[in-house]
Amino acid sequence: MTARLLLLFLLLPGLLLAQQKPAPKKAPAKTVAFDPTKRPRNLTDDQLLDLVQRQTFRYFWDFGHPVSGMARERSNVAYDYGNEVVTTGGTGFGIMAIIVAADRKWITREQAATRIYKIVRFLEKADQFHGVFPHWLDGATGKVIRFGAKDDGGDVVETSFLMEGLICARQYFTADTPLERDVRNHIGWMWENVEWNWQTQGGQNVLYWHWSPNNGWSMNHQIHGWNECLITYVLAAASPKYAIDKPVYDQGWAVGPEFKNGKEYYGVKLPLGPDLGGPLFFTHYSFLGINPHGLKDQYADYWQQNQNHTLINYAYCVDNPKKYKGYGPNTWGLTASDSYKGYAAHNPKEDLGVISPTAALSAFPYTPEHSMRALKHFYYDLGDKIWGEYGFVDGFSEQHNWYAKSYLAIDQGPIVGMIENHRTGLLWKLFMSSPDVQRGLTKLGFESPMIKPVAK
């Protein structure tokens with residue numbers, strides 16, 4: 001059946017006598033019949049946001065791994081991954097997308113809880129290392145799939161993205177039913193089992209990204225800011241059993257040449273991070289759950305940080321110093337994604353002429369007008385080339401006449417979640433309502449209007 005626009009009118013009795021009666025109610029907004037194979041036109045802004053979120057959500061729902069329910073790393077088989085590769089962090093983002101879908105009634109609450117419970121039960125039996133999950137798993141067996149030459153063990157950053165989603169689920173599924181109780185309980189056990197303090201490599205004041213049963217700490221990758229890993233330190237401080245202390249944050253995270261910035265780019269001050277801000281996923285991954293509104297500590301105001309980073313990224317694309325075809329107010333957004341050269345962390349310092357739709361779309365909370373212009377251009381003008389079964393493809397370059405065929409979990413997930421945070425704040429409300437999260441933020445010295453004062 002072809003998709004069509006349905007215009008609904010309320011026909012009030014006595015319309016001819018309107019002069020003697022109250023004015024009739026305003027007609028409800030027209031709705032759009034959802035058909036993932038079509039690209040309807042002339043949508044309102046809300047209808048367009050609905051459509052994009054719902055189509056993108058299908059990546060995690062329809063394309064989720066049939067055995068584990070987890071999010072597949074990508075839609076295409078590339079880099080010798082094989083068909084069974086599922087992603088830990090992308091699954092966390094997918095769980096948040098499933099919550100959005102349930103809240104918007106694209107699926108039932110029971111369907112959402114059942115899928116998330118399936119994921120959790122699979123993870124309980126999957127390979128983990130001191131409670132920390134690897135970057136990739138085999139979605140059929142739960143065995144680790146090596147991410148790099150020595151990266152065959154726990155990845156605490158990917159685990160933090162997973163836990164970000166699971167904590168949102170734990171806060172969402174509050175009904176007193178056997179299924180929702182099981183979801184909460186099993187998530188709680190898994191969350192409490194993560195040995196965040198193990199990742200300090202024997203009590204150092206810094207978190208290490210990787211540990212392997214075969215290679216130990218040989219990757220030796222300390223997690224210093226500013227990047228996507230704020231969530232890792234917050235959850236490590238929030239752990240009920242294996243928490244880090246504040247010096248690990250101050251001496252491990254808040255250090256290094258790319259932490260404090262303070263310079264201006266295009267007339268916009270950047271408090272933290274590398275020159276020109278780095279890829280935009282810095283403002284997305286941790287902040288699917290952490291609400292940056294009013295969030296401050298001794299180092300930054302995190303709303304200002306994320307909004308200014310986004311504005312600099314936008315201004316750079318409008319300025320377009322490399323004169324790439326297509327760049328401008330309607331086509332902007334540099335972040336990590338596929339490119340014609342393979343996967344790359346696109347940013348103003350590494351600009352290959354590739355626009356990643358997730359960059360502008362996941363920036364809706366920070367730059368709603370700029371993001372809406374980009375969305376309309378992507379959908380209406382470029383949609384024949386970049387719109388497909390799971391929403392917008394991972395990247396494109398008009399300069400090189402290259403349009404990806406791929407979708408990646410870590411790029412699709414933030415589109416659903418960050419647009420929802422812009423519209424309703426749903427995920428922010430859920431994550432920030434967790435007493436554990438509030439305790440972790442307070443321990444690290446954060447202020448937020450969403451942190452409840454502790455009774456004395």
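Residues are numbered from 1 along each chain as its sequence is written. Because the model is predicted, local features need pLDDT of at least 70, side-chain atom pairs count only at pLDDT 80 or more, and totals for chains, interfaces and linings use all residues, while side-chain values use heavy atoms, with hydrogens and water left out.

Let's begin with the cysteines. Searching the whole structure turns up zero disulfides, a disulfide being a pair of cysteine sulfur atoms within 2.5 Å. Take Cys 168: the closest cysteine sulfur belongs to Cys 229 and lies 18 Å away, so it is too far for a bond. Cys 168 is also buried, at 0% relative accessible area, where buried means under 20%, exposed over 50% and partly exposed in between (1.4 Å probe, protein chains only). Cys 317 is buried too, with 0% relative accessibility.

Next, look at helices H3 (residues 109-125) and H5 (residues 178-193), which pack at about 35° with axes 9 Å apart. Helices here are DSSP runs (H or I, at least four residues), numbered from the N terminus; axes are lines fitted to C-alpha atoms over the stretch in contact, and angles run from 0 to 180 degrees between N-to-C directions. Residues in contact (heavy atoms within 4.5 Å) include Ile 116 and Tyr 117 of H3 and His 186 and Trp 189 of H5.

Finally, helix H10 (residues 368-381) spans 19 Å from first to last C-alpha over 14 residues, close to the expected 20 Å, which is 1.5 Å times one less than the number of residues. Its buried residues include His 370, Leu 375 and Phe 378.

Notes: Helices (H or I, at least four residues) and strands (E, at least two) are DSSP runs, numbered from the N terminus.
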